[in-house]
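Hi,

Here is the structure I promised to pass on. Have a look at it first, and then read on for what turned up.

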Amino acid sequence: MSIRYAILGILAERDLHGYDLKSSFDEKVGDFWSLNYGQIYSTLDRLEKDGLVTHDREAQEKRPDRKIFRITPEGRQELAQWLATPVTRIRALRDEFFIKLVFMVKSDPAPVLALIDKQKTLHLKQMNRLTQRKLALKKQAAGNGSLTSELLIDAGLFHTEADIRWLTLCEAKIRAAIVQEK
Amino acid sequence: MIELRHAGKTYQQGSREVRALRDVSFVIKKGEFISIMGPSGSGKSTLLNLMGGLDQPTSGEVFIDGRPLHGITDNELTLIRRRRVGYIFQFFNLLPLLTAEENVGLPLLLDGLPFSEVKPRAADLLDKVGLRQRAEHRPEQLSGGEMQRVAIARALITGPAVILADEPTGNLDSHTSEEIFLLLKSFNDQGQTIVMVTHDPKAAAYGTRIITLKDGAPDQDIVIGGDNP
Amino acid sequence: MNLANLLRHVSFKHVRLQKTQLAMAMAGICLGVAAMVAIDLANRSVLRSFEDSINHVTGRAALTITGTDAGFPEAMLERVQNVPGVEYAVPVIEATASLTGGRQRPLMILGIDVLQDHQIRDYSITDESADIPDPLLFLARRDSILLTKAMAAQEGIGIDEKIRVQTVAGLRTFQVRGLLNPSGPARVAGGDIAIMDVYAAQMAFGKEGRIDRIDVSLLPGETLDAVRERIRQVLPGGYSIDTPATRTKQVELLLGRFRKSMGFISCMALFVGMYLIYNTVSIAVVQRRKEIGILRALGAGRGDICRLFLAETLLVAAVASLVGAGLGYLFAGATVGLVAQNVTDMYLRTSVTELSVSWQAMLGNAAVGVLASLAAAALPALAGARITPASAIRSLPYAEESVLLGKKMRNAATFCLLAGLLILALFASAEPGSSVRSLGVILAAAIFLLLGISLCTPLLLRRIVPLCHGALAACFGAQGRLAGLNLQKNVSRNGVAVAAIVCSIALFVSSANAINSVRQSMFDWIDTIIRADILVSTGHPLATGGSPTIPMPPEMRQELAKVDGVKDVDVFRKTYLDYGGRKVLLEMFDVALRLSYCPAMITEGSREDMLLLSGRDNIAVNEGFAVKHRIKRGDTIMLPTPAGPAPFTVTAILVSYSADSGVISMDIDTYRRHWQDQLIDTYEVLVQPGRDIEAVRTAILARFSSERRLFALPAAEFKAEVQKVLDRSFVLTNAVNIITLVIAGLGIIITLLSSVLERTREIGILRGIGMQKNQVSAVVIIESALIGAAGGLLGIMSGVLIGWIELEGIFRLDFGESVVYHMHYGAMAWAMLLGVSPAALAGLYPARRAAATNIVEALTYE
């Protein structure tokens, strides 16, 4: 799902042909996300079909023409919408949220901070749900297997808490960076 | 229950003016368990102090049960603190010389009740927080979790309109913290209004409503429907 | 109810933890109250004994008529007896004599009309002498005398035995005709009294034709005032017609300054005690800041907190004051003899045999102690009540440094100091007698100064301590440096400790300086006025002090002059007279002769003005008298003489410390002319140059040995004896000052102990980062000693200033005489030692505790 937006994000910066697109992708998120050319081209195909990307042909000597991909206005809109939407799948936070951070416009931190806020709220709600479930579990007679369920919920709580703390740190560092630039 | 209308608080620190709280408005309804979150310096404790009548706002209004906390004399404020508010602090703030029982009964003793009358009520509450055996112990003989339970019992003894908790588990480990929250939650389930200030998301998650503060003003007000996942 | 709960459940728990401080605070108040009670009881007992003797001696007399001390013509007796409404009017001679054997026991001689006197006084004669004292026998035999049973038993004298008594007329032999049971006049002066016929007494005491007093009883139905008025009509002016009660009042007035100064020094002890309480409560408020915060958060009102601390003080002070009152009673037993001695030395002969215990007075003094404690606790209690719950729970246990070092504080300190100095300058520049020169003004100055100094100690510490770092490091190494840093960093805490020490030491140094100034000034004065070579009198100056001696007849002057080696003989006579309702001392000497060898201490006027005294109706008065009665040179005042009031012109103003209420100097011839009194108290002999003084002295004693017992003391010896008497009069003052010192020491220990005990955590950290035990001890002790030294230095400086205030404001205002300010360097050295040594001592215990601190516990301590 996110490969679409990653490609849209890269194209939003400048027009690229497939090969450069792959290099740029590797440079930015290659550390934890590896793609082959096939995956890239099939994604580009689908994006073109959805009208989010178009391409121009560039003539080459001794070789077939190269396709230079360009993001359409619809593509830009789709990208912006995605960026502003917090991640719902909690476990996927670091993967997906990080992609978003990468493609956020550096000169304008406001949307980033807004995103962090939304993300934290989401996490808090998630923690609250987990806590409610734990309380409900406690209320039922301490049956078999309830301890393991409780421990699992605890694990979820601690992970989510770690995410919230990380997000809080992100926010603090971004703010500090703004202050420093000024 | 508790209502803040454009409440603000400004401190004078040397020649500098510090706006600890600016224009806070919200209503806390009976039976709510509110978590107030925010980073250090966001005005959490100031807000709690205003709600508990430990401090008075420099602007705006604060009401408990429809009664104003602003513009009243210190004595009236004191009486409200004594009878309508129960406090739980991060560092427990028990009087080290008093036994658990006396610490629990202190608000009633302050109200002039004879200890013979206070004692059974304190014993009852100590029983409820699971410290029946510890009534005669002094704080130094209790563990951190036990001290905080004594503090909870103390906060409850007057049957207050609201319990205000300031980082109640800031000094406790995770498991002990959970026990404290379960205790608070159980009193909340019986209808006790609780307002808790914390920067711990796990703690905040016990609330039925989470208010986050940023730079002395409310940022988000998250109301959580009880059971929907 | 509320308060009772707090006391029971909160305060009492502190007792266990702060036993030491509490005990010391209680000891302070206890000693303060004890000093007050002791002095009060002793003073009361002395007055009571005067009252008793007046009542016993006056008997049923409703009125007593007196003239000057020298007596008045006996013709007046008949006049009074003829006044309508007078039932009986009897003559009395009161004189001092002494037995010759043994220890020269002094006794009071009562000369009475043996036929009439039983109408006024009761005499109960012992069985074995029952039939003997026939009045006619007394009239027929002039050597008859009655002694008290008590004295006779003590001296081993029996009935019909002959005794030798020193009188004005020289040594006389009397025959004991009977003994008196202890009732009526026989109870006076502890039984040291003898009864004679009035005529015989006149002969023996140089009062031919004169009497000292007429005692009058009234016919039934007559009113006191009417009869008094009628008597006044028949007598010349200048006579006092008093009831026995007003005579008691006069004694009270006479002793007024003495009682006041005693009262003042005992107040001083209490004042230091108050400071102790102030200090202890302040420390308690600071230490219990968090507790106050919690209580406030839980709903204790400001009033509750304030009342809590006041109630604690009340309980502590009540217990301490009651114990103090008891202790004071014990002290009084030891004190009363001293007080009686002082009164005898300075005013009138008295011997107090029993303590007059007044429960009301003791409880009253205890109540004063409690009230003073409450007053002292009020300020810190209010400060405690002002602590806001929010700040107390969160912040440090100490008041913010910024408050103590802030601008407001600096302004307040400056204001207080300036106001104090300004008031002082105003006071110093004001004319004597002007309204600015009042006790209130000078006290205000003292309070402003003390307050100002207390307020600025933190600021001073902040400024001065950094300057000493180098020296500290050089002397004590790392520990010294650390101690200095600690001192500087905790200015707020240490400032309070230093201020407490400053006040204690200032009070001690000030009273030591004031007392020393009075003492030195008097010594200097005695040095100036005693210039003759040999002083001849009938009483040893140590034995008689300031009370009347047995005077000598005037003829002795010629006889002394004839002794080989004598160049000249000056005379000295003193008596008291009534001026403006007060007894004023009248001193007479041969002015022309005196001025030829003795420099008068004249403050206004010249030697020539003094010479104007001789033979004429001119007088010189002392400063105190001049200020009190607003008399200037050239004024004419009326003095009561036996022949009625007579005008005298003041030609000079002198320095004289002879009496509090005023001194008038007159030429002996003028006095004789007006008073018809020829007697002399002291002959001051000038020896021919080159002659051996000791030889002349021996010659004098030999010449008179058969006639009378004399003391002929060389000037140096005489001065030494007088100085001994003076020093004796300061014994009590010094004793109270020592009590003050002890209380001050307690205060210092409390302050330092509390300040160090609180630092368990800090010490734990030091130990934790690798400081050795003895190093920790050294830091604590050096720091305490530094606090003590700082307090000592500032305290001595303030003490010098306040000593001047005490001298000018209290002594000078009351006494009127100028006194040269003499600092008491010894006391100052003591004060410094007092500052530093209890400080180090107070540091010792916490230092040991500190060294023994369990590091882990100290660090985990909440």
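At what angle do the axes of helix H9 and helix H12 of chain C cross, and within what distance do they come? Before the answer, one caution: this is a predicted model.

The axes of H9(C), residues 256-287, and H12(C), residues 359-386, cross at roughly 30° and come within 8 Å. Angles under 35 degrees count as roughly parallel, so H9(C) and H12(C) are roughly parallel to each other. As for its hand, the crossing of these two helices is right-handed.

If you want to find the contact on screen, start on the H9(C) side, where Leu270(C), Met274(C), Tyr275(C), Ile277(C), Tyr278(C), Val281(C), Ser282(C) and Val285(C) take part. H12(C) answers with a run of residues that includes Gly369(C), Ala372(C), Ser373(C), Leu379(C), Pro380(C) and Gly384(C). Sorted by class, the residues of this contact between H9(C) and H12(C) come out as 15 nonpolar and four polar, with no charged ones.

Now for chain C as a whole. Chain C has 862 residues, and 50% of them count as buried. Taking the contacts in chain C with a separation of 6 or more, 85% are between residues 24 or more positions apart.

Then there is the question of how the chains meet. Between chain C and chain B, 21 residues of chain C are in contact with 25 residues of chain B. On the chain C side, helices H1 (2-17), H10 (289-297), H11 (302-346) and H13 (389-394) each supply at least two residues. H1(C) gives the most to that side, with six residues. By class, the side of chain C that touches chain B holds nine nonpolar, seven polar and five charged residues.

Chain B also meets chain A: 14 residues of chain B are in contact with 14 residues of chain A. Which elements of chain B each supply at least two residues to the side that touches chain A? They are helix H6 (174-189), helix H7 (201-204) and strand S10 (217-223). The largest share of that side, three residues, comes from H7(B). The side of chain B that touches chain A is made up of nine nonpolar, two polar and three charged residues.

Happy browsing!

Notes: Residues are numbered from 1 along each chain as its sequence is written. Chains are lettered from A and ligands numbered from 1 in the order in which they are written. This is a predicted model: local features need pLDDT of at least 70, side-chain atom pairs count only at pLDDT 80 or more; totals for chains, interfaces and linings use all residues. Two residues are in contact if their C-beta atoms, placed from the backbone, lie within 7 Å. Helices (H or I, at least four residues) and strands (E, at least two) are DSSP runs, numbered from the N terminus. Ala, Val, Leu, Ile, Met, Phe, Trp, Tyr, Cys and Pro count as nonpolar, Asp, Glu, Lys and Arg as charged, and the others, Gly among them, as polar. Axes are lines fitted to C-alpha atoms, for helices over the stretch in contact, and angles run from 0 to 180 degrees between N-to-C directions. Angles under 35 degrees count as roughly parallel, over 145 as roughly antiparallel, 65 to 115 as roughly perpendicular and the rest as oblique. A crossing is left-handed if the near helix is turned anticlockwise from the far one by less than a right angle, and right-handed if clockwise. A residue is buried if 20 or more other C-beta atoms lie within 10 Å of its own, exposed if 12 or fewer, and partly exposed in between; C-beta atoms are placed from the backbone.
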